[in-house]
Amino acid sequence: MESYTRVGGINHLDGNNLPSKRAIALITMDLLRLLFPGFFDEKLVHSSELKTVTGVLVNEVLTSLVTEITKSLDYHPPPELQHSKKDLRPIARSYAAEFLNSLPNIRDLLQTDTEAAFNGDPAALSKEEVIVAYPFIEAIAVQRLAHDLYLKNVPLIPRIMTEWAHARTGMDLHPGAEIGTHFFVDHCTGTVVGETVRIGDHVKMYQGVGLVAESLAAGQKLRGLKRHPTIEDHVTIYAGATIMGGSTVVGEGSTVGANVFLKTSVPPHSLVVQEACDVKVMSKKDRQKKPVDFAV
């Protein structure tokens with residue numbers, strides 16, 4: 001109790017009720033079931049029962065989502081509601097219904113991502129394997145869901161959703177990022193895509209790629225500004241590359257090699273490689289004959 005009084009900056013007491021992380025995780029799992037019927041269920045869903053199962057699930061998601069969006073709007077209402085005494089629940093219901101109506105469009109996008117993953121990975125046995133086993137599909141599905149809520153200015157919930165996916169997949173996709181069709185990240189672990197990133201169509205990346213801001217020293221003064229790079233159509237970015245800055249544009253059809261550190265724009269159809277790296281291959285026996293100098 002003394003700590004609660006002394007260290008008050010990390011308490012949330014006597015204020016508005018925040019969205020529940022656990023509830024949003026459950027909602028997100030149900031949304032994945034709606035996006036990929038039969039893949040995230042414990043038992044097979046037969047086509048004859050699909051309409052009934054979907055109707056029940058949509059109603060359950062709608063009820064839960066209205067509750068959590070109401071909390072979000074109560075915590076941080078949009079400008080037009082900040083001084084209003086309106087009941088927020090009907091407004092939250094309209095937000096939730098509009099969001100659920102967007103699921104068919106999100107499915108269209110996810111079909112292109114699944115195709116890109118299958119066509120881009122010779123290790124993939126089938127599209128079914130891609131959906132059920134590749135963490136990338138789960139990460140991009142959640143990001144596309146969260147992005148829709150982000151565009152509707154729903155606070156907190158989109159970020160909770162993508163951080164839930166981040167913890168599960170190792171892939172950090174901000175809900176604000178704009179990502180085109182046929183997106184694929186092979187292996188996906190360690191990928192970071194910042195809030196103001198713009199990614200075109202048919203972009204392929206590998207693990208450990210960072211699309212990040214050049215500097216966060218200005219902190220909150222950078223809010224709302226374009227801080228992260230733009231990646232145009234048909235770009236490939238290999239493992240460990242870091243592309244930085246809001247004015248940096250990687251032109252259409254370019255390839256960025258592994259471990260490249262890029263802060264400047266490159267024209268379309270460029271090949272960007274890191275040359276200042278020497279790799280030596282020698283016999284272990286030859287190495288053992290030479291004295292090892294550990295001096296710095």
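Trainee: Hi! What sort of model is this, and which pLDDT values count?

Mentor: It's a predicted model, where local features need pLDDT of at least 70, side-chain atom pairs count only at pLDDT 80 or more, and totals for chains, interfaces and linings use all residues. Residues are numbered from 1 along each chain as its sequence is written, and side-chain values use heavy atoms, with hydrogens and water left out.

Trainee: Great. What volume does the largest pocket have?

Mentor: About 1,200 Å³. Of its 42 lining residues, Tyr 150, Arg 159, His 174, Glu 195 and Arg 223 are the closest to its centre.

Trainee: How are pocket, lining and volume defined here?

Mentor: The search uses a 1 Å grid over the protein atoms alone; a pocket is an open set of points with protein on both sides within 12 Å along at least five of seven lines, whereas a cavity is a set where a 1.4 Å probe fits but cannot get out. Lining residues have an atom within 4 Å of a point. Points are joined across faces, edges and corners, and the volume is the space filled by probe spheres set on them.

Trainee: Which helix gives the most to the lining of the largest pocket?

Mentor: That's α7, with 3 residues. Helices and strands are DSSP runs numbered from the N terminus (H or I, at least four residues, for helices; E, at least two, for strands). The pocket lining divides into 21 nonpolar, 11 polar and 10 charged residues. Here Ala, Val, Leu, Ile, Met, Phe, Trp, Tyr, Cys and Pro count as nonpolar, Asp, Glu, Lys and Arg as charged, and the others, Gly among them, as polar.

Trainee: And how many cavities of 30 Å³ or more are there?

Mentor: The count is 1, with a volume of about 30 Å³ for the largest cavity. Its lining is Ala 139, Val 142, Gln 143, Thr 162, Ala 165, Met 171 and Leu 173. In that lining, 5 residues are nonpolar, 2 are polar and none is charged. Helix α7 has the largest share here, 3 residues.

Trainee: Switching topic: how many aromatic pairs turn up?

Mentor: The whole structure has 4. Take Phe 136 and Phe 184: their ring centres are 5.5 Å apart and their planes are at 75°, so this pair is edge-to-face. It joins helix α7 to strand β3, 48 residues apart in the chain. Rings of Phe, Tyr and Trp (its six-membered ring) pair if their centres lie within 6.5 Å; planes under 30 degrees apart are stacked, over 60 edge-to-face and the rest tilted.

Trainee: Are those two buried or exposed?

Mentor: Both Phe 136 and Phe 184 are buried (under 20% relative accessible area; over 50% is exposed, in between partly exposed; 1.4 Å probe, protein chains only). Together with Phe 183, they form one aromatic cluster.

Trainee: What about Lys 71, buried or exposed?

Mentor: Lys 71 is buried, at 16% relative accessible area. Lys 71 sits in helix α3. Beyond its neighbours within four places in sequence, Lys 71 contacts Asn 17, Leu 18, Pro 19 and Ser 20, contact meaning heavy atoms within 4.5 Å.

Trainee: Last one: how far apart are the end C-alpha atoms of α5?

Mentor: They are 25 Å apart, which agrees with the 26 Å that its 18 residues should span. The expected span is 1.5 Å times one less than the number of residues. Buried residues of α5 include Leu 103, Ile 106 and Asp 113, and α2, α4, α6, α7 and β3 are among what covers the buried residues of α5.
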